[in-house]
Amino acid sequence: MPIKPMFNDTTVKAYAKKKQEAYEAALVANIRDCGNDFIRNARTRGNYTDRTANLRNSIGYVIFKDGQVLESVYPNDAQPNPLYVAEEGFSGKYPPGVGAKFGYDLAIEVGENFAPERGFLLVVTAGMEYAAFVEAGASEGRPNKRPYDVISGSAVLAEEFIKKAMARLHSKL
């Protein structure tokens, strides 16, 4: 008596596609959680004075899928310090409110250069051009007393987070 399959090529392909879509949804959820955790850590751990709130607002992420932007998060909700931003206007190089755009633009530039044609990429940024100076403990070329954690500590935590999340996801395969 021959064995008769209760499926055909179409049902096998549909099943495989459904499983792939579920895996990709879980993968994106893990990447998103990593990005949100990165933002939360970087914005709360930053022990620097952010006069215009641009530096904190420039911290965020973009997720790329197959070389295209899938989603981005740049919360533009940090408020300038009223002691440094006078009511009559700000006279500095970057007025309050530009941080999120600078962060997003930097992430797009990085993604355009590094996002794979197939696959996912998470780009996290502190988009203000002076972020590296703050990290290094310099201001306008002058050394400060100490360096500050803008995103470096959070980047290390994000790397640990994503490794653990991917290990959990792959263990369920």
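These exercises work through one predicted model, each with its solution.

Residues are numbered from 1 along each chain as its sequence is written, and side-chain values use heavy atoms, with hydrogens and water left out. In this predicted model, local features need pLDDT of at least 70 and side-chain atom pairs count only at pLDDT 80 or more, while totals for chains, interfaces and linings use all residues.

**Exercise 1. The chain as a whole**

Find how many helices and strands the chain has, and compare its radius of gyration with that of a compact globule.

Step 1. Count the elements. There are 5 helices and 5 strands. Helices (H or I, at least four residues) and strands (E, at least two) are DSSP runs, numbered from the N terminus.

Step 2. Read their order. Along the sequence the pattern is α-α-β-β-α-β-α-β-β-α.

Step 3. Check the radius of gyration. It is taken over C-alpha atoms, and the globule rule is 2.2 Å times the number of residues to the power 0.38. For 173 residues a compact globule would come near 16 Å, but this chain has 22 Å.

Step 4. Look at the box. Along the principal axes, the C-alpha atoms fill roughly 90 × 30 × 25 Å.

Step 5. Of the 173 residues, 34% count as buried. Buried means under 20% relative accessible area, exposed over 50%, and partly exposed in between (1.4 Å probe, protein chains only).

**Exercise 2. The nonpolar cores**

Step 1. A nonpolar core is a set of buried Ala, Val, Leu, Ile, Met, Phe, Trp, Tyr and Cys residues joined through side-chain atoms within 4.5 Å. In soluble globular proteins, nonpolar side chains tend to be buried together.

Step 2. Take the largest core. It has 22 residues, and Phe 38, Tyr 48, Leu 55 and Ile 59 are among those with the most contacts inside it.

Step 3. Name the contributors. H1 gives the largest share, 6 residues.

Step 4. Find the other core. It lies apart and has 8 residues, among them Val 62, Tyr 74, Ala 100 and Ile 108.

**Exercise 3. Tyr 48**

Decide whether Tyr 48 is buried or exposed, and list its contacts.

Step 1. Check the area. At a relative accessible area of 8%, Tyr 48 is buried.

Step 2. List the contacts (heavy atoms within 4.5 Å). Leaving aside neighbours within four places in sequence, Tyr 48 touches Leu 55, Arg 56, Ile 59, Val 134, Tyr 148, Asp 149 and Val 150.

Step 3. Compare with the chain end. Tyr 48 and Leu 173 are 125 residues apart along the chain, and their C-alpha atoms are separated by 43 Å.

**Exercise 4. Arg 43**

Find which side chain makes a polar contact with the side chain of Arg 43.

Step 1. Check the area. Arg 43 is buried, with a relative accessible area of 15%.

Step 2. Find the partner. The side chain of Asn 57 makes the polar contact, at 3.0 Å. A polar contact is a pair of N or O atoms within 3.5 Å; within protein, one must be able to donate a hydrogen and the other to accept it, and residues adjacent in sequence count only if both atoms are side-chain atoms.

Step 3. Beyond four places in sequence, they include Arg 56, Ile 59, Pro 75 and Asp 77.

**Exercise 5. An aromatic pair**

Classify the aromatic pair found in the whole structure.

Step 1. Count. The search finds 1 pair.

Step 2. Apply the rule. Rings of Phe, Tyr and Trp (its six-membered ring) pair if their centres lie within 6.5 Å; planes under 30 degrees apart count as stacked, over 60 as edge-to-face and the rest as tilted.

Step 3. Classify. The rings of Tyr 74 and Tyr 104 have centres 6.3 Å apart and planes at 90 degrees, so the pair is edge-to-face.

Step 4. Tyr 74 is in the loop between strand S2 (68–73) and helix H3 (99–114), while Tyr 104 is in helix H3, 30 residues apart.

Step 5. Check the areas. Tyr 74 is buried at 13% relative accessibility, whereas Tyr 104 is partly exposed at 31%.
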